[in-house]
Protein chains: 2
Amino acid sequence: METKTTPFLRFTFILFLVIFLFTCSWYSLNLPGFSGYSQSTSWCNSRSRVCAHLGSVLETRIHKPKDHMEDIPHHPLDPLTMQEINKVRTILSTFPHFLPSFPAIHSLSLDEPHKDLVLDWKEGDPLPPRKALVIALLNGQSYVLSVDLDLGLVTSNEIYHGSGYPILTIKDISVAMQVALSYKELNKSAIKRGLSLSDLTCITPSAGWFGANEEGRRLIKVQCFSNQGTPNFYMRPLEGLTMTVDIDKKEVVQFTDTGRGIPVPRATNTDYRYQKEPPKMKPIKPISIEQPQGRSFSIEDEHIVKWANWEFHLKADQRAGIVISRAMVSDSDTGVPRSVMYKGFSSELFVPYMDPDESWYFKGYMDAGEFGMGATALSLVPLNDCPRHSYYMDAIFVSWDGKPYVQQNMICVFERYAGDISWRHSEVPVNGFNIREARPKVTLVTRMAASVGNYDYIFDWEFQTDGLIHVVVTLSGMLMVKGTPHQNTDQIPSQEAPSGPLVSENVFGVVHDHFITFHLDLDIDDTNNTFVKVNLVKEETLPGESPRKSYLKAKRNVAKTEDDARVKLNLYDPSEFHLINPSRRSRLGNLAGYKIIPAGNAASLLDHLDPPQLRSAFTNNQIWVTPYNRNEQWAGGLFTYQSKGDDTLAVWSARNRAIENTDIVLWYTLGFHHIPCQEDFPLMPAVSSSFDLKPVNFFESNPILKAAPMFEKDLPVCRSATTS
Amino acid sequence: METKTTPFLRFTFILFLVIFLFTCSWYSLNLPGFSGYSQSTSWCNSRSRVCAHLGSVLETRIHKPKDHMEDIPHHPLDPLTMQEINKVRTILSTFPHFLPSFPAIHSLSLDEPHKDLVLDWKEGDPLPPRKALVIALLNGQSYVLSVDLDLGLVTSNEIYHGSGYPILTIKDISVAMQVALSYKELNKSAIKRGLSLSDLTCITPSAGWFGANEEGRRLIKVQCFSNQGTPNFYMRPLEGLTMTVDIDKKEVVQFTDTGRGIPVPRATNTDYRYQKEPPKMKPIKPISIEQPQGRSFSIEDEHIVKWANWEFHLKADQRAGIVISRAMVSDSDTGVPRSVMYKGFSSELFVPYMDPDESWYFKGYMDAGEFGMGATALSLVPLNDCPRHSYYMDAIFVSWDGKPYVQQNMICVFERYAGDISWRHSEVPVNGFNIREARPKVTLVTRMAASVGNYDYIFDWEFQTDGLIHVVVTLSGMLMVKGTPHQNTDQIPSQEAPSGPLVSENVFGVVHDHFITFHLDLDIDDTNNTFVKVNLVKEETLPGESPRKSYLKAKRNVAKTEDDARVKLNLYDPSEFHLINPSRRSRLGNLAGYKIIPAGNAASLLDHLDPPQLRSAFTNNQIWVTPYNRNEQWAGGLFTYQSKGDDTLAVWSARNRAIENTDIVLWYTLGFHHIPCQEDFPLMPAVSSSFDLKPVNFFESNPILKAAPMFEKDLPVCRSATTS
């Protein structure tokens with residue numbers, strides 16, 4: 001069904017808001033002085049909504065909003081500053097291809113210097129040339145540009161001819177919403193449900209790729225919800241109503257409404273806001289992590305985090321979110337910092353929903369490449385997203401018009417003490433030894449929380465003094481739900497087999513998965529590393545050899561090529577997965593390494609030729625190892641939107657390149673299956689999973705053996721705030 | 001090699017210590033007033049050592065040591081009090097079978113009333129009859145006795161004729177050590193290694209069962225280490241030296257020393273004690289969980305823990321350790337407490353080492369049934385094992401002579417705030433909604449730490465306000481290591497294939513597994529429950545049905561008998577595992593339930609007919625469900641020591657009883673493979689894994705939606721102790 005856009009004047013108030021928001025210069029709106037909350041959070045990318053720069057609901061002092069106009073880069077990996085972004089924009093505005101019309105800027109970020117330049121650089125050295133990598137869209141063509149800031153020139157300029165489009169901008173989303181809301185069939189559908197257009201809030205799911213229909217044009221879906229009586233419109237779908245919008249032609253190319261017999265679920269009990277009325281739950285008395293002598297970490301030059309035996313570069317990326325670079329841990333014997341990870345970040349997400357219906361089949365989000373995990377990571381809520389003494393870091397991102405904006409308090413950094421134990425042992429007095437030794441576990445966390453439409457993804461990178469890096473993904477936010485006429489399971493005909501359980505009246509929670517694929521460029525002591533599977537295999541004893549019939553033996557298998565390094569985890573064929581430096585031996589001759597330790601996980605079971613799985617084929621295994629290639633950062637391809645899956649990790653790995661004793665990258669996918677239940681309505685309690693990167697024969701011995709215990713005399717003296 | 005015991009006078013000093021320790025009445029040694037630490041910790045069961053009642057190394061005030069002589073039971077599940085234990089002893093001492101000689105008491109604990117009596121009991125009701133279950137050994141015969149405390153009678157008395165023996169007592173261990181240390185061949189072996197007997201510390205591994213040799217007599221192994229220059233004797237084995245002692249005949253029945261060419265590893269850098277000298281590591285500034293308005297939990301009648309929406313009975317068991325009973329969570333709508341778990345505890349552990357050698361093959365410990373997880377859980381170290389504001393609970397245990405003793409501060413209870421998030425969502429202003437909502441996660445933890453010889457097992461039962469129970473097992477302590485002539489990997493001949501990596505000079509860390517099997521008697525709302533596997537299966541679409549080729553469907557499979565409920569976890573055949581109440585439906589018609597959610601796990605790969613695996617066949621699956629049977633508490637059988645595996649969970653389950661809509665018990669095994677590395681030397685940084693019990697359609701909606709956020713104004717006002 002092809003139709004032309006019809007302007008719809010009743011929505012000028014929404015359009016005004018949209019236009020206002022993405023044309024103002026966010027950073028100039030900062031209020032001076034201590035602010036009670038984030039004043040200028042600018043969020044310009046999501047499948048659902050528009051930029052914002054209003055306050056937090058929970059008011060707490062954080063720190064003085066920073067004026068980033070004077071920021072200068074100190075480290076080769078420091079993100080582009082506001083001044084640099086403005087300079088890139090100026091350079092682009094005189095670039096011949098972009099005259100007379102300036103393109104839409106879909107990505108503008110530091111083009112990181114080559115690794116050898118970064119590794120050679122030392123504090124005090126001049127920075128390597130500052131360059132920007134720009135992805136711009138003009139007249140339907142995707143440009144990939146390299147801009148040299150020192151030369152003031154576009155140094156390379158390619159038009160991309162492969163499949164897929166760049167990440168969405170806020171302009172794309174607002175255009176799609178404008179087109180959809182102006183479409184008269186939508187108004188009819190709303191009226192048939194007893195709603196007016198002003199009752200609607202619409203979201204913009206990505207269209208995916210399923211064949212010729214999604215080729216040669218940028219499409220986006222628009223689906224709407226009733227916002228009447230609740231801010232939690234996600235729980236009130238206009239089921240079966242889907243518009244497909246051609247973003248560039250600004251027209252609705254398909255309109256379907258198959259759900260007119262399905263009521264819009266009610267608003268009752270869906271509001272999750274704290275309304276300043278006493279909460280229903282029995283209150284828990286105030287509790288806080290306190291450190292009155294201050295933090296034990298420092299952040300130098302805005303990005304270098306130093307804590308205990310760790311040092312790393314921390315920054316925000318509009319697509320990936322948190323990026324950890326140059327992570328080094330001090331040798332416990334010599335004190336010398338040793339390389340652990342050159343770069344670690346969440347490269348892509350894949351969130352397939354398990355419903356083949358017209359309004360659901362396309363929901364196979366690739367959130368990083370389609371919407372941006374950094375872009376959707378709004379200001380954290382102090383005391384509630386992060387504990388009291390957290391440090392908050394702003395991000396400098398770029399809007400569709402090439403202008404920089406500040407995403408305030410996007411990352412928090414804090415020391416975590418949860419009452420846990422880092423090591424312990426008790427002995428009783430045998431030969432005079434009476435021992436009760438234990439050491440508390442204090443760690444350093446860097447955190448962000450991306451709200452990609454309905455879902456919230458909290459990412460923690462936690463550093464331990466024993467050298468372990470614990471990476472946690474926590475899910476919260478709202479389900480993507482499906483309307484149904486049913487109010488009780490006994491009304492569901494047995495042949496119906498809905499795509500998920502009934503989680504409220506007229507609401508199905510649709511089964512779905514989440515996969516988060518991490519790019520882990522470990523460099524253990526140096527760049528040349530080797531991946532070793534240490535397989536535990538059952539050995540049988542010979543008759544008479546032993547009273548035991550069987551035992552396990554650890555067998556080391558060196559991965560020579562990429563084929564050897566694809567791993568599907570199997571409880572009954574267990575291995576450890578080591579990344580070792582074949583040139584660095586301990587005093588005992590063991591090879592220095594780190595291992596990746598999975599915890600809970602889930603695998604994608606979709607058909608490998610199913611289009612969403614083809615595009616997200618990086619989830620076909622839990623572990624992959626590739627040779628380092630600076631163009632292989634994004635597991636779903638640089639151009640993810642509507643891609644055909646021809647530039648994924650799976651495609652790169654299929655080349656079966658040599659990976660032994662060379663610079664390699666480890667990829668790990670953390671998965672969740674989610675069968676919803678009533679407890680997930682109207683907002684989900686947080687669910688976490690994690691993995692660890694852990695030293696293995698990296699240190700000569702336990703590096704925290706000499707850690708100090710806690711003593712009462714050192715602990716804070718606290719009183720209740722209410723007694724003051 | 002059979003030999004007779006030879007007394008050895010040089011060790012009277014050790015013998016004196018041993019005899020002194022297990023004949024004194026521990027509880028009478030308590031010092032009055034505030035003690036700086038645990039004064040009277042009595043620990044009377046381990047494979048390695050003897051009782052202790054000396055102070056903690058780290059001195060901190062906890063609470064006034066309690067005189068438990070006046071304790072009275074308040075709840076049907078309250079453990080036996082000291083008075084009750086003494087009364088049982090008096091009753092037993094006049095029992096005709098035990099005249100003239102009093103038996104060795106291997107177990108003496110509350111014979112819990114039948115479940116219906118406990119469920120019917122209400123506060124204020126008289127307690128059901130108090131009974132003790134006693135396992136005693138006399139003249140080689142195991143007695144199982146029931147003692148009625150009200151009647152003052154032994155009401156039943158059976159002699160056990162099956163395989164296996166009761167749990168070891170401290171007397172068994174001290175006898176074995178005495179016999180071994182008096183054996184002249186040991187002295188010769190020591191001298192050949194340049195050691196004298198007083199340099200030795202010996203441990204007593206269980207002998208296991210491998211055939212006729214381990215039948216009809218109680219055997220124990222004794223292996224020795226050099227304690228010279230270090231309290232960490234575990235790192236200094238006299239490799240290849242093993243004695244087998246007949247505990248009742250008090251004689252060495254086998255002596256082997258195959259390791260005389262293997263040096264005793266050096267003591268250097270093995271001491272882990274905090275020596276009050278400044279630690280080597282860069283210090284972390286004081287950090288603490290503070291709650292100046294006090295705790296939000298209460299402990300009533302010594303054992304009833306009430307916190308937020310939770311209430312449960314907490315006690316210590318000499319064999320199992322922490323026992324959680326009658327766990328109930330309040331309905332978030334009605335406030336009415338609802339049953340979740342009748343009883344949960346760690347039923348058995350299995351720790352097989354992967355070396356078939358003469359000195360190693362038998363190491364397949366079953367720590368709960370052989371040594372006792374409660375018995376080996378010594379006093380916790382305040383501030384370091386548990387955070388500052390913890391509540392400490394004592395245990396009343398029973399010594400081999402039937403006398404009670406106090407295991408002080410064996411369990412801690414505390415509120416945990418780690419800076420984590422219980423739920424969150426951000427919205428940006430669309431139609432007026434500008435939302436940043438987040439709630440902090442505060443939980444309640446009960447913890448103990450068992451030091452079963454070298455290894456430390458920390459058990460956490462963590463309760464969340466969203467109804468989730470998070471069970472964590474953390475491993476620390478020392479490796480069981482193997483001596484070797486090699487000091488570097490390049491000295492190891494390729495054909496040698498050692499049973500683990502070199503972790504220090506002359507020290508191999510032997511590969512091993514840990515399996516902890518939990519007895520989880522969930523009673524969701526009532527006793528009659530059903531186990532449902534909710535399997536996620538791939539469905540293929542029909543041609544033309546959808547642009548999608550495949551999707552997942554959740555299919556419910558009700559387990560009718562025990563056969564249906566044995567689960568080997570498989571990433572590529574995933575299920576959720578629900579325990580539901582088929583009579584309790586939510587308002588939507590969903591069945592109220594809880595699900596068990598595995599996290600990281602490991603499976604036993606040993607041959608099912610290998611004797612250690614046969615005895616620990618409860619690890620053949622990760623999940624089992626059995627009908628409730630009060631005699632099926634111990635997954636490895638009531639008489640675990642030298643058992644043949646004829647009374648395990650696997651044997652019970654093989655009966656394939658009906659389990660639908662009846663009182664059922666869920667069993668879950670949490671496993672770890674451990675390939676040691678240098679970081680584990682000389683003491684291991686803690687390693688954790690966990691599982692969750694989580695409500696699924698148990699609540700009508702998210703039970704913590706109305707939880708309050710944290711506000712700055714409520715938080716504590718703290719200053720540094722050093723500025724006071």
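Me: Hi! Which residue is the bridge partner of A:Cys718 in S32(B)?

Reply: Hello! The partner of A:Cys718 is B:Cys718, its counterpart in S32(B). Please keep in mind that this is a predicted model.

Me: Thanks. How many bridges join strand S32 of chain A to strand S32 of chain B, and do they run parallel or antiparallel?

Reply: Three bridges join them, and the strands run antiparallel. In each of the two chains, S32 covers residues 717-719.

Me: How many residues of chain B are in contact with chain A?

Reply: For chain B the count is 199, and they are in contact with 199 residues of chain A.

Me: And how much area do chain B and chain A bury between them?

Reply: About 18,200 Å², and 58% of that is on carbon and sulfur atoms. On the chain B side, the residues that lose the most area to chain A are B:Ile287, B:Arg436 and B:Arg548. Together, those three account for 5% of what that side buries.

Me: What about charges? How many salt bridges are there between chain B and chain A?

Reply: There are 14 salt bridges between the two chains. One of the salt bridges pairs the side chain of A:Glu712 with that of B:Arg388, at 3.2 Å from N to O.

Me: How many residue pairs are in polar contact across that interface?

Reply: The rule finds 98 residue pairs, with both residues at pLDDT 80 or more.

Me: Which element of chain B gives the largest share of the side that touches chain A?

Reply: That's strand S17 of chain B, residues 404-430, which supplies 17 residues. By class, the side of chain B that touches chain A has 100 nonpolar, 51 polar and 48 charged residues.

Me: New topic: what does the side chain of A:His470 make a polar contact with?

Reply: With the side chain of A:Asp692, at 2.5 Å. A:His470 itself belongs to strand S20 (residues 469-477) of chain A.

Me: What else does A:His470 touch?

Reply: Setting aside residues up to four places away in sequence, A:His470 touches A:Asp460, A:Trp461 and A:Glu462, along with A:Ser690, A:Phe691 and A:Asp692. As for A:Thr443, 27 residues apart from A:His470 along the chain, the C-alpha atoms of the two are separated by 9.7 Å.

Me: Now over to chain B. Where does B:Ile299 lie, and what is it in contact with?

Reply: B:Ile299 lies in strand S10 of chain B, residues 297-300. Leaving out neighbours within four places in sequence, its contacts are B:Ile304, B:Val305, B:Tyr391, B:Met393 and B:Val413. Between B:Ile299 and B:Phe312, 13 residues apart along the chain, the C-alpha separation is 9.7 Å.

Me: Last one: is the peptide bond from A:Leu99 to A:Pro100 cis or trans?

Reply: That bond is cis, with omega near 5 degrees. A:Pro100 is in the loop between helix H2 (82-93) and strand S1 (104-110) of chain A.

Me: And what kind of peptide bond joins B:Leu99 and B:Pro100?

Reply: A cis one, with omega about 5 degrees. B:Pro100 is found in the loop between helix H2 (82-93) and strand S1 (104-110) of chain B.

Technical notes: Residues numbered from 1 in each chain as written. Chains lettered and ligands numbered in written order. Predicted model: local features only at pLDDT ≥ 70, side-chain atom pairs only at ≥ 80, totals over all residues. Heavy atoms only, no water. Contact = heavy atoms within 4.5 Å. Buried area = accessible area lost by both parts, 1.4 Å probe. Salt bridge = Lys/Arg side-chain N within 4 Å of Asp/Glu carboxyl O. Polar contact = N/O pair within 3.5 Å; in protein donor to acceptor, adjacent residues only side chain to side chain. Helix = DSSP H or I, 4+ residues; strand = E, 2+ residues; numbered from the N terminus. Nonpolar A, V, L, I, M, F, W, Y, C, P; charged D, E, K, R; others polar. Pairing = 2+ DSSP bridges.
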